[in-house]
Every structure is written in C-alpha cells, then in structure tokens.
Amino acid sequence: MPSATSDMINSVEEGSQPLLGHPEGMSMLMTAVFMVGEMAGSGVLALPFAVEATGWIGLVLIPMCGLISSYTGGILGQCWQLLQQRYPDMRGPVRYPYPAIGMKTFGKPGRIIISASINFTLFGVSCVFLLLAAQNVHSVCVDHHLTNLPFCYWLIILLGLMYPLCLLGTPKDFKFVAMLASAATSAACVILVVLMFLDQKDDPRPVVHAKIEWLPFAGAFGTICFAFGGHPTFPTFQNDMREPHKFSKACMIAYSVMVVLYLPVATAGYFLYGNLVQENILQTVSAGAGLIVIQVFITIHLFCSFIIVINPLCQELEEFFKVPLHFGYKRVLLRTGVVGLVLVVAESVPHFGAILSLIGASSTALLAYIAPPICYFKLCRMKGDWPEIHVSPAVKVALWEIGVVTALAGCVATYSAFTDLLSPGAFTVPCFVNVTAAGG
C-alpha cells in the first residue's frame with residue numbers, strides 16, 4: 001500500500017508544479033494536529049464496545065481502517081490539488097472544497113450528494129460531541145455531589161461556552177484549539193489504559209465475551225469507520241495549508257498517531273472487561289480521581305473538536321447564502337442558527353450511540369472510502385488543457401477494492417444502525433419532556 005501511495009502521488013505531480021498555499025497558513029505538522037484533534041476523542045470512547053461486538057477481528061480492523069483512511073485521505077488531497085491546478089477559480093478562498101470536487105467531477109448531482117453527506121455528517125458529529133461533553137460534566141458533578149443540575153441544562157451551558165469560538169473564520173484562525181484537543185486526548189488515552197489495568201487488578205472475576213452476531217458486528221464496523229472518518233473536513237484543512245501538496249504526509253502522520261492512541265484503549269477494554277464494557281468506556285471504568293481526570297481531558301477535547309467540526313459546515317452554508325468572508329452580523333446570525341439547531345437536536349435525542357453508528361455506517365463511509373477513489377478516477381480520465389494522468393494497476397486495484405468492499409459493508413452497517421434506531425429503548429426521553437415533567 002505505501003508504494004502504491006507513492007506511485008499515485010508521483011503520477012499526480014508529474015509535469016506540474018505544486019500550488020502555493022496561504023503564506024500565513026498551517027504547516028504540515030499543524031494540519032496533522034488538526035486532524036488528530038478533530039477525530040481522536042468520541043471514537044476512542046466507543047471502540048472498546050465496538051471491538052467486543054466484533055471479537056478479536058476488531059483489533060485487526062482498527063489499524064486496517066487507519067491505513068486505508070490515511071490512503072484515501074491522501075487521494076482526496078490529490079483531488080483537491082488537481083482542481084486547483086486545472087481551474088483558476090479554485091485557487092482563491094474556497095469555502096466548499098469537497099463539494100467543489102464533486103461538482104467538477106460529476107456536475108450538480110455530485111455536488112449535491114457530497115454536500116448533503118458532509119452536512120449530515122458534520123451536523124451529527126457536532127451533536128455527538130455536545131452530548132458526550134455534557135454527559136461527562138454531568139457525571140462528574142453528580143458523582144461528587146457538586147450540583148444536581150440536570151443533564152439537559154449542561155447542554156445549554158457548554159454550548160454557550162463554545163459559541164464565541166464558533167464564530168472564528170477558518171481553521172488557520174484557531175490553531176490553538178487543535179493543539180489543545182490533541183494534547184487532551186493523548187493524555188486521556190494514557191491515563192485510561194492505566195486505569196483499566198488497575199480495575200482488572202482489583203477484580204479477579206474471569207472475563208466473558210459476548211457471542212458474535214452479524215448485525216451488532218456490522219454496527220460496530222460503522223463505529224470503527226466513524227473513529228477514522230475525518231474526511232469531510234480534510235479539504236478545508238488542506239485549503240488553509242502553506243504547502244497543500246504535503247497533505248498526504250500530514251495524513252500519514254495523523255493516522256499513525258491515532259492508531260497508537262486507539263489500539264491500546266480498544267485492546268485493554270476488550271481483554272479486561274469483555275461483555276461488561278459499556279457503549280461509552282468511561283461508564284465502565286471504576287469511579288475515582290483517575291476517572292475525573294480522564295473526563296476533564298475528554299471534555300476539553302470534545303469542546304475543541306466541536307469548534308473544529310462545525311466550522312466547515314458553517315463555511316459551506318455561508319457560501320450558499322452569500323455571507324461575506326469577513327466577520328460581520330450575517331456570519332453571526334447564520335452560525336447562531338446552526339449552533340441553535342444542534343442544541344435542539346441534542347436536547348431531542350440525548351443518546352449518542354445510535355447517532356454515531358448511523359453516521360459511521362452511511363455518510364462517513366461514503367465520504368472517507370467511496371467518494372475519494374471515484375472522484376480521483378474521474379479526474380484522471382478527464383481531458384483538457386492539462387497533463388494526462390496514468391494510474392498504475394496497483395493503485396486501480398487498491399482503490400476499486402476499497403470502494404467496493406466499503407460500499408457493501410456500509411450498506412449492511414447502515415441497515416444495522418437503522419435496526420438499532422427502531423428497536424425499543426433505542427432513545428432516552430427527550431430533554432424537554434423531562435424538564436416539562438419536572439416543572440409539572
């Protein structure tokens with residue numbers, strides 16, 4: 001796979017000069033930090049439960065999905081670079097880079113499909129991040145008798161704290177957010193693994209694993225895809241780089257870090273807890289000072305990741321509604337509306353697992369593993385006033401295999417996610433119902 005990646009990169013860059021990015025934009029390493037900061041958080045909390053549903057095969061799927069995601073992320077980066085090389089209108093400030101790839105390759109239908117998938121994914125992920133952050137804060141406060149404030153109110157409070165940073169323009173304007181998110185997640189993963197081993201030391205009971213069934217297996221596959229599926233935001237990050245042609249290297253760095261963070265947590269959760277592991281691993285480990293520290297770090301990550309994830313969604317909507325690039329009242333109004341809608345959904349569906357599995361199985365699979373190969377093949381076949389691109393047989397086989405296998409697995413996983421959504425007890429009572437009942 002690495003050699004195929006190198007062949008692909010060389011074939012794209014042959015006969016053309018890499019385009020210059022923003023002089024004050026992000027470095028390759030900072031771009032990798034953004035990618036880690038966006039993805040490594042909610043995914044790591046759900047991976048132990050996903051591995052329990054897949055068995056030891058899940059421990060193979062994690063690095064495999066990381067490798068494939070890195071590869072398709074590099075492919076997506078090459079697609080965006082090709083667009084900028086071929087079309088002058090793509091070289092300025094572009095607030096919808098991924099939908100633009102769909103537009104240039106498959107016309108209006110391509111843009112609509114890509115845009116709808118991105119908006120569904122980023123909006124859903126924003127809801128998941130808000131729910132998890134509020135769940136962590138509420139848990140700490142209740143367990144230690146700090147306050148009896150209901151969970152639903154924490155959603156409002158945390159979103160109020162995030163709101164000012166949601167008004168910042170593009171990723172290059174909030175680099176500190178990505179650095180803080182990556183550092184917090186890394187620290188949380190280390191402490192979490194230590195805490196799980198301490199739990200096992202104090203609990204001599206044998207570990208029992210659940211029977212593997214195909215529907216839970218498919219749902220778990222969607223969760224693993226979700227943990228690595230940051231592709232909807234990747235072109236936005238690349239568009240803010242000083243050297244956009246180095247995006248493939250940023251992908252390799254970011255995904256290597258994520259596999260190093262994910263694999264120990266998932267392995268420890270699977271072998272130390274077995275079928276006792278909960279949907280959120282933080283609800284499985286024993287309470288104490290260590291858990292509080294982890295919850296604080298994870299909450300910091302979720303706080304920062306929410307800001308990173310919601311930004312591309314807002315940028316595309318601003319492009320659609322012709323909102324000026326500079327800060328102004330129109331940006332404030334639009335982003336306030338987006339943030340408010342996230343709050344409404346989070347208050348209505350206060351259960352992150354069902355949302356996470358559905359997003360991972362459907363739109364994330366499409367945007368991360370299916371659309372990049374298809375768009376890349378189309379760009380390579382397009383004729384015009386630019387150098388012809390020859391795709392090597394190894395790259396063709398790799399991309400076709402990734403696209404077809406993921407499409408089949410994604411369909412099954414999406415069916416599994418919908419089955420879970422329609423099952424009794426899939427959702428808890430909406431927050432506004434609880435508040436109304438309490439008021440009555």
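Student: Which elements each supply at least two residues of the lining of the second largest cavity?

Tutor: They are α5 and α11 (289–320). The model is predicted, so local features need pLDDT of at least 70 and side-chain atom pairs pLDDT 80 or more, while totals for chains, interfaces and linings use all residues. Residues are numbered from 1 along each chain as its sequence is written, and side-chain values use heavy atoms, without hydrogens or water.

Student: How is empty space found in a structure?

Tutor: Rolling a probe the size of a water molecule over the atoms shows where empty space is left. A cavity is a set of points, on a 1 Å grid over the protein atoms alone, where a 1.4 Å probe fits but cannot get out; a pocket is an open set with protein on both sides within 12 Å along at least five of seven lines; lining residues have an atom within 4 Å of a point.

Student: How many cavities of 30 Å³ or more does a search of the whole structure find?

Tutor: Two. The volume of the second largest cavity is about 40 Å³, volume being the space filled by probe spheres set on points joined across faces, edges and corners.

Student: Which residues line the second largest cavity?

Tutor: Its lining consists of R95, Y96, P97, P99, I118, P232, T236, P312 and E316. With three residues, α5 gives the most to this lining. By class, the lining holds six nonpolar, one polar and two charged residues. Here Ala, Val, Leu, Ile, Met, Phe, Trp, Tyr, Cys and Pro count as nonpolar, Asp, Glu, Lys and Arg as charged, and the others, Gly among them, as polar.

Student: What is the volume of the largest cavity, and which residues lie nearest its centre?

Tutor: The largest cavity has about 100 Å³. Its lining has 13 residues, with E38, V125, F226, G229 and G230 nearest the centre. Two or more lining residues come from each of α2 (28–39) and α5. The most, four residues, come from α5. The lining of the largest cavity has seven nonpolar, five polar and one charged residues.

Student: What about open spaces? What is the volume of the second largest pocket?

Tutor: The second largest pocket is about 280 Å³ in volume. There are 14 lining residues, and M64, I68, I402, V405 and T406 are the closest to the centre. The elements giving two or more residues to this lining are α4, α8 (214–228) and α14 (393–422). The largest share, six residues, belongs to α14. Of the lining residues of this pocket, 12 are nonpolar, one is polar and one is charged.

Student: Now the helices. How is a packed pair read?

Tutor: Two packed helices are described by the angle between their axes and the distance between the axes. An axis is a line fitted to C-alpha atoms, for helices over the stretch in contact, and angles run from 0 to 180 degrees between N-to-C directions. The axes of α5 and α11 come within 8 Å and cross at roughly 155°. That makes the pair roughly antiparallel, the term for angles over 145 degrees; under 35 is roughly parallel, 65 to 115 roughly perpendicular and the rest oblique. In the contact of α5 with α11 there are 19 nonpolar, eight polar and one charged residues.

Student: At what angle do α6 and α12 pack?

Tutor: Helix α6 (residues 151–166) and helix α12 (residues 329–348) pack at about 160°, their axes 11 Å apart. They are therefore roughly antiparallel. Contact, meaning heavy atoms within 4.5 Å, involves C152, L155, I156, L159, Y163 and C166 of α6 and V332, R335, T336, V339, L343, A346 and E347 of α12. These residues divide into 10 nonpolar, one polar and two charged.

Student: At what angle do the axes of α4 and α5 cross?

Tutor: Helix α4 (residues 57–86) and helix α5 (residues 97–143) have axes that come within 10 Å and cross at roughly 70°. The two are therefore roughly perpendicular. From α4 the contact takes L76, C79, W80 and L83, and from α5 it takes P97, Y98, A100, I101 and K104. Eight of the contact residues are nonpolar, none is polar and one is charged.
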